[in-house]
Amino acid sequence: MAKLLIADDEENIRQILCKYGRFEGYEVFEARDGMEAVELCRKNEYDLLIMDVMMPHLDGFSACREIRKTKDIPVIMLSARGEEYDKIHGFELGIDDYVVKPFSPKELMMRVGAVLKRSQKQTQERDVIRIDGITVDFTGRIVYIDGQKRDMAPKEYELFFYLVRNRNIALSREKLIREVWGYDFYGDDRTLDTHIKMLRKSLGPYSNHIVTLRGVGYRFEGEEEKP
């Protein structure tokens, strides 16, 4: 069931869209302004965001810009203004669709379905897997922990991607060093231990997915979540 977040300061619009969204089988949540939408997106995962442009505290464009710093959520923007500048500005921010008020809720739900379908197809085409609260985007070389983008050192990424690719397989220290650092590596295996320690810190509450195999090496444990 796809999760929608509707951010609009007009209660009647939120109520109408919630009604139509639930009728279509979506799980629907509400935000009364841009600031609340940003906070909800920091704490939760949504599949699509319907955002009004003109809202108190934080307008829709600014809220979208803030959310996109950490989350790659499809966005449909709503606006009472249909000026070309607003549409261009929205698309420059990376929004997926722009709907001018007044609009047909039924048509908007069709647009929601089209954006979700396109987004799911793009995700499938990208090499992305989810394990627990960890999202690994191999194509974009990005790691998210509970929806928050996590920056890593280059070798940390390579080591983590190799562990995840070979999840649930016991990997010797020698194999990890050979595959990640290469045959011409002249350091010692303490380099591997240091990077494992860095990885566990980066994974935060999910550090236990990296298991130490005494006398052997390491194993990344976890089952991929299917969409």
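This note walks through the structure above in numbered points.

1. **Ground rules.** This is a predicted model, where local features need pLDDT of at least 70 and side-chain atom pairs count only at pLDDT 80 or more, while totals for chains, interfaces and linings use all residues. Residues are numbered from 1 along each chain as its sequence is written, and side-chain values use heavy atoms, with hydrogens and water left out.

2. **The chain as a whole.** The protein chain comes to 8 helices and 12 strands; these are DSSP runs numbered from the N terminus, with helices being H or I of at least four residues and strands E of at least two. Its C-alpha atoms fill a box of roughly 65 × 35 × 30 Å along the principal axes. Of the 227 residues, 44% count as buried. Here buried means under 20% relative accessible area, exposed means over 50%, and partly exposed lies in between (1.4 Å probe, protein chains only). Among contacts between residues at least 6 apart in sequence, 58% join residues at least 24 apart, a contact being heavy atoms within 4.5 Å.

3. **Helix 1.** Which residues of helix 1 are buried? They are Ile-13, Arg-14, Leu-17, Cys-18 and Gly-21. These residues cover an arc of only 130 degrees around the axis, which puts them on the same side of helix 1; the arc is that of the directions from the helix axis to the C-beta atoms. On the other side of helix 1, Lys-19 and Phe-23 are exposed. Just after helix 1, Gly-25 takes a positive phi of about 95 degrees.

4. **A closer look at Ile-13.** Within helix 1, Ile-13 counts as buried because its relative accessibility is 12%. Leaving aside residues up to four places away in sequence, Ile-13 touches Asp-8, Lys-101 and Phe-103. Asp-52 is 39 residues from Ile-13 in sequence, and the two are 10.0 Å apart in space, C-alpha to C-alpha.

5. Strand 4 (residues 75-79) is largely enclosed by the rest of the structure, because 5 of its 5 residues are buried. Val-75, Met-77 and Ser-79 point one way from strand 4, while Ile-76 and Leu-78 point the other way. In a regular strand the side chains alternate between the two faces of the sheet. Strand 3 (residues 48-52) pairs with strand 4 in the parallel sense over 4 bridges, pairing being called when DSSP finds at least two bridges between two strands. Met-51 stands opposite Met-77 in strand 4.

6. Strand 8 (residues 142-145) and strand 9 pair over 3 bridges in the antiparallel sense, and Val-143 stands opposite Arg-150 in strand 9. Axes are lines fitted to C-alpha atoms, for helices over the stretch in contact, and angles run from 0 to 180 degrees between N-to-C directions.

7. Another open sheet has 3 strands in the order 10-12-11, with antiparallel pairing. Its edge strands are strand 10 (171-172) and strand 11 (210-213), each pairing on one side only. Strand 11 and strand 12 (residues 217-220) pair in the antiparallel sense over 4 bridges, and Leu-213 has Gly-217 of strand 12 as its bridge partner. Helix 8 packs on this sheet, touching strand 11 and strand 12, at about 150 degrees to the direction of strand 11.

8. **Helices 7 and 8.** How do helix 7 (residues 173-181) and helix 8 pack, and at what angle? The angle is about 80 degrees, with the axes 10 Å apart. That makes helix 7 roughly perpendicular to helix 8 (angles of 65 to 115 degrees count as roughly perpendicular, under 35 as roughly parallel, over 145 as roughly antiparallel and the rest as oblique). Arg-173, Leu-176, Ile-177 and Trp-181 of helix 7 meet Thr-191, Leu-192, Asp-193 and His-195 of helix 8.
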